[in-house]
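Let's take a walk through the charged side chains of this one. Have the structure open and follow along.

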Amino acid sequence: MTIDVQQPRPNDIVGDEVQIAGMAGGGFEATYLYRISEGHDEVTGHFMAGDGVGGHGQFQVSVDVSGAAFTRERLQVEVFHESPKDGSEQEKVIVPVILGSQIVPGYTTYLEYEVQAGDTLWGIAQQHYGDGSLYHRLVTANPDITDPDVIHTGDIVRVPQGS
């Protein structure tokens, strides 16, 4: 059996309703499990996938994580199936994601901002949040930024938005 998680993609910013979708199968219809965690708390569940004749089937599941006691913004979405022999987790796929509500209260979406000559993360935060000291939100939402003092013209910075 195989699992191909197509949504979310690595380092996507997700809301309190995490959409998990992809293809799974290789056997008759099977039960797959998911776990969304950050090392402190987790949300788990299951779904069915397969086409009934040994092929692959599409799956899509919406997982409400609003009640979880997550304390970190980095989550892992795991999809796997359990071995009927010993209960071990098989074919596990792990996708790291970022929980938007841990970055911006009331997270709804993010904007993509193209860095212009002379821009700084402080200035971008000032423009979008009214407070440059909130630049850490931009660093958290953009894992490719390894040094907050170094951004380049043409870079795309995700700017999380809240309600």
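Start with Glu-78 and Lys-92, whose side chains meet in a salt bridge at 3.4 Å, N to O. Bear in mind that this is a predicted model. Glu-78 sits in strand β7 and Lys-92 in strand β8 (residues 89-99), so this pair ties together parts that are 14 residues apart in sequence. What about exposure? Glu-78 is buried, with a relative accessible area of 6%, while Lys-92 counts as partly exposed at 35% relative accessibility.

Now stay on Glu-78 and look for another partner. The side chain of Glu-78 also meets that of Arg-35 in a salt bridge, here at 2.5 Å, N to O. Since Glu-78 is in strand β7 (residues 74-82) and Arg-35 is in strand β4 (residues 30-37), the contact ties together parts that are 43 residues apart in sequence. Arg-35 is buried, with a relative accessible area of 15%; buried here means under 20%.

Glu-42 comes out as partly exposed, at 44% relative accessibility.

Arg-35, Glu-42, Glu-78 and Lys-92 belong, along with Glu-89, to a network of linked salt bridges. The structure as a whole holds five salt bridges, among them the Glu-78 to Lys-92 pair we began with.

Note on methods
Residues numbered from 1 in each chain as written. Predicted model: local features only at pLDDT ≥ 70, side-chain atom pairs only at ≥ 80, totals over all residues. Heavy atoms only, no water. Salt bridge = Lys/Arg side-chain N within 4 Å of Asp/Glu carboxyl O. Buried < 20%, exposed > 50% of the residue type's maximum accessible area, 1.4 Å probe, protein only. Helix = DSSP H or I, 4+ residues; strand = E, 2+ residues; numbered from the N terminus.
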